[in-house]
Amino acid sequence: MYQYTEFDQSFVRSRAAQFRDQLERWQSGKLSEDDFRPLRLQNGWYVQRHAPMLRVAIPYGELSSRQLRMLARIAREYDEPEAEVYRLASEAQRKLGTVRLPTNYAHFTTRTNVQFNWIPLSKAADVMDLLASVDMHGIQTSGNCIRNISCDERAGVAPDEIADPRPFAEIMRQWTTLHPEFAFLPRKFKIAITGASEDRAATDWHDVGLRLLRNEAGELGFRVTVGGGMGRTPVIGTVLREFLPWQHIMNYIEAVVRVYNQYGRRDNKYKARIKILVKAEGQRYIDGVEEEFRQIVEHDGGPHTIPLAELERVSACFALPSRPSVDAPIDLEAIATSNAVALETPQFERWLQRNVSPHRNQRLRIVTLSFKRLLQAPGDASAEQLDRVADLAERFSAGEARVTHTQNVVLPWVHVNDLLPLWQAAREAGLASANVNLLTDMIACPGGDFCALANARSIPVAEAITERYQDLDELNDIGDIDLHISGCINSCGHHHSGHIGILGVDKDGKEWYQVTLGGSDGSHASGRAQAGKVIGPSFSAAEVPEVIDALLSAYLDIRATVGERRESFVETVRRAGIEPFRTAADRVRTLMEKTA
Amino acid sequence: MNGSTRIRLITLAEHASDASNASRQVVSLANDADPAEQKELIATAARVELHFPNFTDGRAYSQAYLLRRRLGFKGDLRATGDVLVDQLIQMERTGFSSAVLKDGIDPADAQRQLDRFPAFYQGDVIHDAPFVRSDVGSNDE
């Protein structure tokens with residue numbers, strides 16, 4: 001992992017002190033509500049439906065055990081509303097049907113950050129100080145600025161990797177942090193980066209998507225896409241460069257952002273993202289960026305050209321960790337025991353198949369701890385669970401964990417000898433659901449139980465589907481599928497990119513859900529990144545689980561065989577189109593009307 | 001500009017008196033203007049004023065960068081409009097040399113914000129030295 005220097009540490013402390021000062025000026029009335037809002041947002045502090053929400057940055061998803069323990073402490077000691085706040089919140093949500101409103105927990109997001117839902121603003125500055133003590137912060141996790149950079153959860157360990165994206169992600173983190181020119185862009189700005197052939201970071205859906213690759217001469221560079229984004233106008237990024245030499249990536253991004261800062265729309269919030277500028281201006285925007293890039297390099301002297309020595313300095317932080325648990329030779333006896341247990345224990349066997357992936361080091365494996373299980377919302381982690389993850393990372397993964405785009409946690413450095421004891425420990429912690437990439441491994445935003453923007457709740461829908469699909473044989477028969485749920489068109493639950501997408505909409509003050517089919521995040525299994533297609537008018541909350549059931553039954557009925565294997569859900573949607581699915585879903589509508 | 005020059009904080013009254021006493025040309029750029037299109041005017045100006053209609057509108061930061069780095073403007077570059085203390089350091093770093101504070105702003109609050117960070121990560125208009133890490137310590141634990 002990147003090791004903070006004294007500079008990094010004092011910088012984050014200064015930022016925490018600055019926030020405390022701003023908070024105090026706001027509390028004393030020196031800073032108006034309107035003037036304070038953008039400042040608190042750029043430190044990750046929202047005011048949500050019932051209480052403030054803090055979003056903590058997890059740069060490119062990497063967390064140490066020490067940081068996890070601090071997140072656990074914050075959840076335990078601070079993620080607790082005042083009694084009156086909680087009473088009002090519970091009352092309001094009970095009217096909608098929510099019975100459980102957890103406190104003292106953290107939530108992993110699709111952009112690999114962590115959110116807390118209940119910390120009172122009066123304790124905000126103390127929490128920022130605690131975060132700073134473990135090299136963490138909420139800098140630019142909200143606001144119209146360059147947000148935390150997300151990355152491949154398997155960066156540096158994936159067998160299909162061309163180059164490790166983390167050193168570049170770190171250099172970009174530094175370059176974007178409190179960039180003086182780009183703190184007040186027309187709208188938020190998100191960068192994702194991957195160095196693997198498989199895109200696990202949904203790069204084409206980002207304002208800037210970066211994919212490391214090598215050209216014919218073997219040189220390293222980036223494929224650069226600009227102007228992807230979800231929201232009410234889903235757009236896939238446009239390729240601006242098929243190959244940009246790595247040294248120039250900051251110069252190029254500066255050009256991309258400067259032209260956007262000058263010409264992006266500021267008159268309409270919904271048309272302010274860079275995707276709208278790229279769509280509206282097309283080649284003119286691209287020409288503008290290329291000209292600005294040329295000026296930056298030729299006239300300004302390429303001030304952000306990355307020297308090799310700097311790349312090497314940062315890269316050294318990301319070397320293979322040396323620890324007894326990582327360096328141990330393969331223990332054949334441990335493997336034999338593990339195999340014997342797998343033969344007798346279907347859950348372990350399933351877990352090995354679903355949650356354990358190859359590593360570029362043959363002795364090691366990448367293990368996913370699943371945060372998709374009954375009684376807790378997707379991506380939610382209690383204080384106790386955060387401590388347990390810290391323990392598991394410490395014992396089995398060189399003290400390092402990664403937050404994934406799909407709201408799980410990956411242990412990137414697990415020795416093959418340790419798979420059985422890890423599974424046993426993960427099971428005790430309730431983090432061993434063998435469901436990675438299956439239906440219940442869904443993405444969901446916090447929705448109308450917490451978020452002020454939501455039109456409908458997401459968590460009860462996720463819960464109903466999770467309850468309905470608990471049989472692992474059934475889930476495995478359905479196979480790999482991306483189910484994504486957003487509580488509103490802002491698309492934090494990435495419904496556009498789900499093979500099945502569910503979008504909460506508000507009709508006459510009631511919760512309804514629009515269903516889309518065939519979306520893709522751009523992974524190999526899902527095909528080229530694209531938005532799903534709506535299958536008709538929206539459904540009531542009660543209908544949604546039935547609709548999912550109908551869609552899956554339709555798939556099982558019509559799926560074809562591809563060579564040795566059966567078509568996946570999304571392959572069937574691509575081949576057969578959405579019509580057979582629409583028909584199946586419409587039958588639910590009629591049926592529910594009759595029984596109502 | 002040299003690194004030791006700090007942005008000059010001036011009151012609305014001082015700004016008004018500057019305006020009436022201006023001996024050389026003052027150019028006010030709208031915040032959707034491209035500075036390159038007025039480079040002849042800017043070349044002879046004593047002062048260029050860039051306007052923040054709202055402090056969350058960040059276009060003037062890019063205009064300032066372009067004025068300093070692209071057009072080589074050496075005169076006074078002034079921030080007007082919705083100028084708040086928390087953005088002064090950004091203004092200084094993008095090349096503003098003076099800023100007109102809104103009425104009622106405590107100059108002590110303003111100064112404190114300017115001195116808060118000992119240094120920044122990225123190069124800017126004042127410090128042309130990104131990625132030089134000799135001054136920031138090593139990555140050893």
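Predicted model: local features only at pLDDT ≥ 70, side-chain atom pairs only at ≥ 80, totals over all residues.
Local features here need pLDDT of at least 70, side-chain atom pairs count only at pLDDT 80 or more, and totals for chains, interfaces and linings use all residues. Residues are numbered from 1 along each chain as its sequence is written, while chains are lettered from A and ligands numbered from 1 in the order in which they are written.

Start with the open sheet in chain A. Helices (H or I, at least four residues) and strands (E, at least two) are DSSP runs, numbered from the N terminus. Two strands pair if DSSP finds at least two bridges between them. The sheet has 5 strands in the order β3-β14-β15-β12-β11, with antiparallel pairing. Its edge strands are β3 (62-64) and β11 (356-358), each of which pairs on one side only. From one strand to the next, the twist averages 30°. Axes are lines fitted to C-alpha atoms, for helices over the stretch in contact, and angles run from 0 to 180 degrees between N-to-C directions. β3(A) is joined to β14(A) (residues 400-403) by 3 bridges. There, A:S64 has A:E400 as its bridge partner.

A helix covers part of this sheet. Helix α14(A) (residues 383-396) lies across β12, β14 and β15, at about 25° to β15(A). Contact means C-beta atoms, placed from the backbone, within 7 Å.

Now move along the chain to β18(A) (residues 500-507). Strand β17(A) (residues 483-486) runs parallel to β18(A), with 4 bridges. β18(A) also pairs with β19(A) (residues 510-517), in the antiparallel sense over 8 bridges. A:L503 takes part in both pairings: A:S486 stands opposite this leucine, and A:Q514 in β19(A) is its bridge partner. The hairpin of β18(A) and β19(A) has 2 residues between the strands, and A:D508 takes a positive phi near 55°.

What lies inside? A nonpolar core is a set of buried Ala, Val, Leu, Ile, Met, Phe, Trp, Tyr and Cys residues joined through C-beta atoms within 7 Å. Buried means 20 or more other C-beta atoms within 10 Å of a residue's own. The largest core has 118 residues, and A:L386, A:L411 and A:L551 have the most contacts inside it. Helix α18(A) (residues 543-558) gives the most, 8 residues. A:L551 touches A:I500, A:F581, A:A584 and A:A585, leaving aside residues up to four places away in sequence. Another core, of 54 residues, lies apart and includes A:M172 and A:F222.

Conventions. Contact = placed C-beta atoms within 7 Å. Buried ≥ 20, exposed ≤ 12 C-beta atoms within 10 Å, placed from the backbone.
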